[in-house]
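Me: I've got a chain open on my screen and would like to talk it through. Can you walk me around?

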Amino acid sequence: LPEALAAHEGKCLVVACHACQHLAQDIIDCCIAARADFAVCPCCPKDEMGRVQAAAQTLGVDFGVAMVLAEMGRLSSKCDVRLRTFDEAVSPQN
């Protein structure tokens, strides 16, 4: 991805649907570095340290939702972050 973004000088839109958590983070970081627009719909949340999962359980919040919110917080100082949702029937795990 970094090479493709460099070839287009960041003037492209990257869309990732059903991108595993670690892949979604890599895509986002590459796009931010290249100043490219992106839309990412992550799946398969992973929390290596278990902190987000523990917080989600304590608060009674869905783990996947908690991971999305944590990622949005990580990115909030780096880019314009917006949350969009779609019908669950389209992709029940997203």
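This is a predicted model: local features need pLDDT of at least 70, side-chain atom pairs count only at pLDDT 80 or more; totals for chains, interfaces and linings use all residues.

Me: OK, what's the secondary structure of the chain?

Reply: Four helices and two strands. Going along the sequence, you read α-β-α-β-α-α.

Me: And what box do the C-alpha atoms fill?

Reply: Roughly 45 × 30 × 20 Å, taken along the principal axes. The accessible surface is about 6,600 Å², and carbon and sulfur atoms account for 56% of that.

Me: How much of the chain is buried?

Reply: Buried residues are 23% of the 94 in the chain.

Me: Let's look at α4. Where does it run, and how far does it reach?

Reply: α4 covers residues 63–75, which is 13 residues. From first C-alpha to last, α4 reaches 18 Å, close to the 18 Å expected at 1.5 Å a residue.

Me: What caps its N-terminal end?

Reply: Asp62 does. A side-chain oxygen of Asp62 sits 3.0 Å from the backbone nitrogen of Gly64.

Me: Which residues of α4 are buried?

Reply: Phe63, Ala66, Met67, Glu71, Met72 and Leu75. Note that Glu71 is in that list along with Phe63 and Leu75.

Me: What do those buried residues of α4 pack against?

Reply: Two other helices, α2 (21–34) and α3 (51–59).

Me: Why would residues three or four places apart in a helix point the same way?

Reply: An α-helix has 3.6 residues a turn, so residues at that spacing point the same way.

Me: Switching to α2. I clicked on Gln21, which is in that helix. Why does Gln21 count as buried?

Reply: Because its relative accessibility is 5%, and the cut-off for buried is under 20%.

Me: What does Gln21 touch?

Reply: Leaving out residues up to four places away in sequence, Gln21 touches Pro42, Cys43, Cys44, Pro45, Lys46 and Met67. Met67 is also one of the buried residues of α4.

Me: Where is Val61, and why is it called partly exposed?

Reply: Val61 is in the loop between α3 and α4. Val61 is called partly exposed because its relative accessible area is 34%, and that label covers values between the 20% and 50% cut-offs.

Key
Residues are numbered from 1 along each chain as its sequence is written. Side-chain values use heavy atoms; hydrogens and water are left out. The expected span of a helix is 1.5 Å times one less than its number of residues. Buried means under 20% relative accessible area, exposed over 50%, partly exposed in between (1.4 Å probe, protein chains only). Contact means heavy atoms within 4.5 Å. A polar contact is a pair of N or O atoms within 3.5 Å; within protein, one must be able to donate a hydrogen and the other to accept it, and residues adjacent in sequence count only if both atoms are side-chain atoms. Accessible areas come from the Shrake-Rupley method with a 1.4 Å probe; for residues, only the protein chains shown count as cover.
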